[in-house]
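Student: I have a structure on screen and want to walk through it. Can you take my questions as they come?

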Amino acid sequence: MSDTPNPAPKGQEFEQILDQSDTKVASFELKHHTLLERIQHVLHNNPTLVPVIVLVISLIAFGLIAGGKFFSAFNLSLILQQVSIIGILAAAQSLIIITAGIDLSVAAIMVLMSVVMGNLAVFAGVPSGIAILVGLAGGVGAGAMNGWFITKVKLPPFITTLGTWSIFYALLLWLSGAQSIRGQDIDTEAPFLKFFGASFNLGGARITLSAILMILVFFVLWYMLNKTAWGRHVYAIGDDKEAADLSGIRTDRTLLSVYGLAGFVCALAGWASIGRVGSISPQSFYEGNLDSITAVVIGGISLFGGRGSIMGALFGALIVGVFRSGLRLSGVDVLWQVFAIGWLIIIAVAIDQWIRRVSA
Amino acid sequence: MKTLMTTSALAIAMTAGAAYAETSACLITKTDTNPFFVKMKEGASEAAAAKGIELSTFAGKYDGDVETQVAAVETCIASGAKGILITPTDSRALVPVITQAREAGALVIALDTQFEPADAADATFATDNFKAGVLIGQWAKAKMGDDAANAKIALLDLNASEISVDYQRDNGFLQGFGIDIKDPKDIGDEDDPRIVGNDVTDGSPDGGRTAMENLLQIDPDINLVYTINEPAAAGAYEALKSFGKEEGVLIVSVDGGCPGVKDIAGGVIGATSMQFPLLMASKGIDAIKAFAETGEKPQNSEGLDFFNTGVELITDEPVDGIPSITSAEGLKKCWG
């Protein structure tokens, strides 16, 4: 050891083994990621991907089972038309659910405001435009009432809207006398109420204005949620209200605006529903609130708040519509349609839970 | 649930106060939304006021709300009601609780919907729903004439539970039209090729529209539409209109609500079978009055296991051999 000439020592003794040490920069472990984990990761970053995939698969599946009757431009546009009202409600519901709330009163607000518009325009002789404005303002008021109870009286959203559901429903029965307003009366007195029922042909498809309204509502809300400070605040509140509060977001004011906006969207759905249904019936859409929650959940928006894209609810509503139409055209009994939708909900939430565990 | 409990509590307070002096009675309807039951309540309240009977009214929150109806019957038993008029929201589920009511000495009369078994109640005052269906079926057959052999029929029913009103009207219509209905308690077991399909509407216009659209997708040449009630018929008409097919398609229905009768005049519905909720309620009150005074119970109509309160065909295009009245006459008798 001593006869071989040593190169000049490169510093102190303990530094001499520096060369043997690991030279890699600190990094996350990248290997041993299975395919499943990678899928999980992708889905976590794009929660809307699940409903899109389900929609595409179910379209193909029903196209194969039910054939040309299902997979025609006309039938597909019909499905779009059939889901338009519940779709708009689902957009309002998504806003609330993203804040980690829930709104059981959406359908009651919608039908109540359609009755308000109808009573004013058909029976009281108020010009249609003003009747509609009153209805839309009423929607904002009803939504803000929910918001006020939740933010100022500090009631949980579930309880608040369970209560206001009954309140709005009773008002609706009182205002309508449990009577429907006939389509022909609307045609002669206030045809503008049926504006969103108008349609035009595009190739083999028939597009109604209510379907266009639905898509428009989703795009506007998507923009507001993703491209404005207000929208980011909404997500922040849904994710962690305390933290949002501490970081200077005026959480109560934002929440109030969310409920007011949701009420407005519900009233808009009420206007559109007059065109879709043709008459105004207090018995319509009794299960609309649950249908809207179904669409939101199938659309991959987390019921725990703060996660999911509002576009998911659009796809969720479409999936339900595709299932209903596809099963119907395959000649399946109604109760199996109900059965299938039930499974869709369970599977959707199960997938959501699995995606949430991505970091593990 | 909270609102229901407060209304029941209120009703206890009201009936308890009156129990000493007068005969008290209860009216329990399926819902407060359907104008049919709203009218029934009106009829019962008027008759009760005229006969000096103290009447408490209850209603389920939605069709099929068994819990609320059970609670209402229990309230009536507790208040010592002499008679209970009820439209059972579930023909079987309410049998135990009304048996208790009868054991407690109350006269129980089913209105509009029968119990299963029918003799679970002391009497039933109802529309013969099968007959109501037969009338519109016969009318449609006569109206179509030779084309009836090539009819393409859409059947718009109530919901997946297939309750008695639902299968009686549906099968009555088919039998009246001359179709082999097989099991008269089953919907959709027929194999006649003229039937395009069944779908459910929840008895509402939005349900009627969607159901009609779905069936038109199966066969766009449907030319005869049976509907469970007139709101569903109005929805079906909207669907036909959006397909550009409102001409040449016959829509028939059952109920006799005023908007429905106006739809006959407006050419939306071809014919409807009218029923009489006011009569059911007022006869029910009469029976309770008689029972309280003499202990006598009402009798069934001959050959039926219920008292038939009658049904009339309303149409502006009468056909030979089937008695009917016009929409103008119908408008004087309609309910709601």
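Predicted model: local features only at pLDDT ≥ 70, side-chain atom pairs only at ≥ 80, totals over all residues.

Student: OK. Start with α3 of chain A. How many of its residues are buried?
Tutor: α3(A) is mostly covered, with 23 of its 26 residues buried. The helix covers residues 73-98.

Student: Where does α3(A) bend?
Tutor: At A:S84, by about 50 degrees.

Student: And what follows α3(A)?
Tutor: A:A100 follows, and its phi is positive, near 70 degrees.

Student: At what angle do α3 and α11 of chain A cross?
Tutor: Roughly 175 degrees, and their axes come within 9 Å. Angles over 145 degrees count as roughly antiparallel, so α3(A) and α11(A) are roughly antiparallel to each other.

Student: Which residues meet there, between α3(A) and α11(A)?
Tutor: From α3(A), the residues include A:S84, A:I85, A:I88 and A:L89. From α11(A), they include A:V258, A:Y259, A:L261 and A:R276. Note that A:S84, where α3(A) bends, is part of this contact.

Student: How does that contact divide into nonpolar, polar and charged?
Tutor: The residues of the α3(A) and α11(A) contact are 16 nonpolar, 2 polar and 1 charged.

Student: Switching to α12 of chain A. Why is it largely enclosed?
Tutor: Because 10 of the 11 residues of α12(A) are buried. Among them are A:N289, A:D291, A:I293 and A:V297.

Student: What covers the buried residues of α12(A)?
Tutor: The cover includes α2, α3, α4, α6, α13 and α14 of chain A.

Student: What does α7(B) lie across?
Tutor: It lies across β6, β7 and β8 of chain B. Relative to β7(B), α7(B) runs at about 150 degrees.

Student: Tell me about the sheet with those strands. What is the order?
Tutor: The order is β7-β6-β8-β9-β10-β12 in chain B, an open sheet of 6 strands with mixed pairing. The edge strands are β7 and β12 of chain B, each pairing on one side only. Neighbouring strands are turned by 15 degrees against each other on average, direction ignored.

Student: How many bridges join β6(B) to β8(B)?
Tutor: There are 4, and the two strands run parallel. B:L156 stands opposite B:T227 in β8(B).

Student: What about the sheet with β1(B)? Which order does it have?
Tutor: β2-β1-β3-β4-β5-β11 in chain B, again 6 strands in an open sheet. The pairing is parallel. Its edge strands are β2 and β11 of chain B.

Student: And what packs on it?
Tutor: α2(B) does, touching β1, β2, β3 and β4 of chain B. The direction of α2(B) makes about 165 degrees with that of β2(B).

Student: Last one. Which residue is the bridge partner of B:I28?
Tutor: B:I86, in β3(B). β1(B) and β3(B) run parallel and are joined by 4 bridges.

Technical notes:
Residues numbered from 1 in each chain as written. Chains lettered and ligands numbered in written order. Axes fitted to C-alpha atoms, helices over the stretch in contact; angles between N-to-C directions. Parallel < 35°, antiparallel > 145°, perpendicular 65-115°, else oblique. Contact = placed C-beta atoms within 7 Å. Nonpolar A, V, L, I, M, F, W, Y, C, P; charged D, E, K, R; others polar. Buried ≥ 20, exposed ≤ 12 C-beta atoms within 10 Å, placed from the backbone. Bend = angle between axes of the 7 residues up to and from the residue. Pairing = 2+ DSSP bridges.
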